[in-house]
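Have a look at the structure first, then read on.

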Amino acid sequence: MAFRNYILVCGGSGCESSHSDEIYNNLIKECEAQGVAEEVQVIKTGCFGFCEQGPIVKILPEDAFYVKVKPSDAKELIAEHIIKGREVTRLLYDKKKSTKNAKVEDIKFYQKQFRVVLRNCGKIDPENIDEYIARDGYLALEKALFQLTPEDIIGELKKSGLRGRGGAGFPTWMKWNFTKASQGDVKYVVCNADEGDPGAYMDRSTLEGDPHSVIEAMMICGKAIGAHQGFIYIRAEYPLAIHRLEVAMAQAREYGLLGEDILGSGFAFNLEIRLGAGAFVCGEETALLQSIEGHRGMPQPRPPFPAVKGLWGKPTCIDNVETLANVAVIINKGGEWLSKLGTEDSHGTKVFALTGKIANSGLVEVPMGTTLREIIFDIGGGIANGKKFKAVQTGGPSGGILTEEYLDTPIDFGGLTSLGSMMGSGSMIVMDEDDCIVDVAKFYLKFSVDESCGKCAPCRIGGRSLLHLVEKITDGKGTEKDLDQIQEIAHAMQIGSLCALGQTTPNPVLSGMRYLADEYRAHIVDKKCPAGKCKKLITYEIDPEKCIGCTACARKCPVGAITGEVKKPHKINTDICIKCGACYAACKFGAISVH
Amino acid sequence: MGKMTLEDLRKLRKSKQDAIKKRDIEGKNCHVIVGMGTCGIAAGAKVVLDEFINELDAQGIEDVMVTQTGCMGLCYVEPTVEVVMPGMPDVIYGKVDKKVVKQIITDHIMHKKLVSEHVFDRPAADILKKD
């Protein structure tokens, strides 16, 4: 027999620490005491991702969302909500409205997330075109082919305020308009699916979960600018996304939604996939076009912009996956609809891949203007393992870090750039107190140096010089003068590099020096790494008081640096020690410490 | 189906939409949706999908449809599975393994009880739902 109600009690670690366990037990007791145990099932759920308001209790099927519930509230919840069918207003998150009626206009509902780009992701079978069609798929294409002129389509985009989601944030309607206005017998539409930032997987997930949304948008773009051929440039490391795209394209072709004379409109559009070999610089549009043509992926000076002279010298409109995934919704719901979401200069939503030392890592889509704090602490559930938040890196290797005091900054195109970071394509890596900010900067620098194509000197030479300086600091040989030199080189790279890769390479270092200057100083002046990450600056030591001489550490040490007799305190020979940390992990008595 | 005209597309959309609605109302079917993005597959979603098919087969349960979908956004608790069936709230289960698959089938699908400790909230609102 089915239950009448289901009571979900958050069992996430945040809520559990504020007695959600007791709430759970009390609710079960109350159900029995008030005689509804047969009708109600009380269960523990995973984190609701809203720990700030915890402990959280949700009652289905009414979808009543109760926050800051105390164990003593159990009685009232059962007596009022379950037995009398009245919501306990005092505990509701949204005291005025029932939570189920959340609308676009009052977006500030509890989940804080809102899916436009990911509308079908996790909902439909991506390998079944019928499911996409059932959820208004190809409805926008219908409109674009039969009702709207190219000017209308671009007009809707203009109204929507959609800006490129790949990082640069150029208004999409302008790009389309430029390409439309360019003279050419042949024009191309290109989808940039060369997602390269470490920790970024927004585009991959979009293509894996909803490939048709991108295909449909490329056709609409083709109609708007007068192109009949499209290319999707995607990295070969995304085999599942490629497979799903291929399946989607084959199904669309079979239905006549791709190819000649689409739906009898006379409009033709063909699509091909081009695989990239995984070079980061190929995410830069001119390098990407070079790669499609079969050349080495290197940026070209702009102008001429691709809209004028792109693929094989023809006018080309190139958009990022996430940008394209917005298009069908804009055509269906009207540009104005999207423009209502977000902030003054940034409309719509943004998808972020939330990773690092976060409790709930995942794919997050929020309206522009959501703050970093809301994403990290409300949606992400804060830092894993109860550690302290140190910083968040947004924008990948091109972005920078932001610390606690900037967490209330609304995320949009302008907001983060003014703080020396950037929204970027949407990777968001959270760091806790155990992460060394100089070490992180070194990681990103190494990445950028490896990925520099070598064409222009500021990026090629500047990047390597920056890396040398930062390595000097993590080795404990840094001086104050090095910091000045970093600034100098960074400045030269910012103004002299050919493309965004070189221009933004210094960002992780610069933002670290700006917001966590003390940590840099500790490395330079005190020759210490506060987080205990930089190997040359730390030593392992055995506390003779705590060591019982179990020999566990000595047996684990790969270089034989630990000596001592059984049942007597051991010693580490720091001259031989390679600081691998194996002894630290092996000691069960907490006798080994890092300095 | 071969090449479609505009009429065909509209008809297909309507019929599919009706089919989905019918499933919700009449509710003969139970729908199990396994999150099969890269994140899900890496965490073992394929094993979960296979286990659902095998276990439903073994138990002789026939009115359950098992399909795949992309990333639901809950990457920290992959593999994720959504169970949609009449008379029960739509539920997303996380951290699903072979054992949990069996629990979902016996508790949720057969006895209409939720599986405690594995329920996760939908991460985001659906804009396409008619309000």
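How many residues does the contact take from chain B, and how many from chain A? Keep in mind that this is a predicted model. Chain B puts in 44 residues, and chain A puts in 53 residues.

On the chain B side, α1 (6–25), β2, β5 (119–120) and β6 (125–126) each supply at least two residues. The top giver is α1(B), with seven residues. Here's how the residues on the side of chain B that touches chain A divide up:

| Kind of residue | Count on the chain B side |
|---|---|
| Nonpolar | 22 residues |
| Polar | 13 residues |

Now for a helix in chain B. Helix α3 spans residues 45–58, which makes 14 residues. From first C-alpha to last, α3(B) reaches 20 Å, close to the 20 Å expected at 1.5 Å a residue.

Which residues of α3(B) are buried? They are B:A45, B:V48, B:L49, B:E51, B:F52 and B:L56. Looking down the axis of α3(B), you'd find these buried residues within an arc of 165°, so they line one face of the helix.

What do the buried residues of α3(B) pack against? Their partners in chain B are β1 (30–35), α2 (38–43), β2 (64–69), β3 (81–84) and α4 (98–110). Turned away from that buried side, the other face of α3(B) carries the exposed residues B:N54, B:D57 and B:A58.

Just past the end of α3(B), B:G60 takes a positive phi of about 70°.

Technical notes
Residues numbered from 1 in each chain as written. Chains lettered and ligands numbered in written order. Predicted model: local features only at pLDDT ≥ 70, side-chain atom pairs only at ≥ 80, totals over all residues. Helix = DSSP H or I, 4+ residues; strand = E, 2+ residues; numbered from the N terminus. Expected span 1.5 Å × (residues − 1). Buried ≥ 20, exposed ≤ 12 C-beta atoms within 10 Å, placed from the backbone. Arc of directions from axis to C-beta. Contact = placed C-beta atoms within 7 Å. Nonpolar A, V, L, I, M, F, W, Y, C, P; charged D, E, K, R; others polar.
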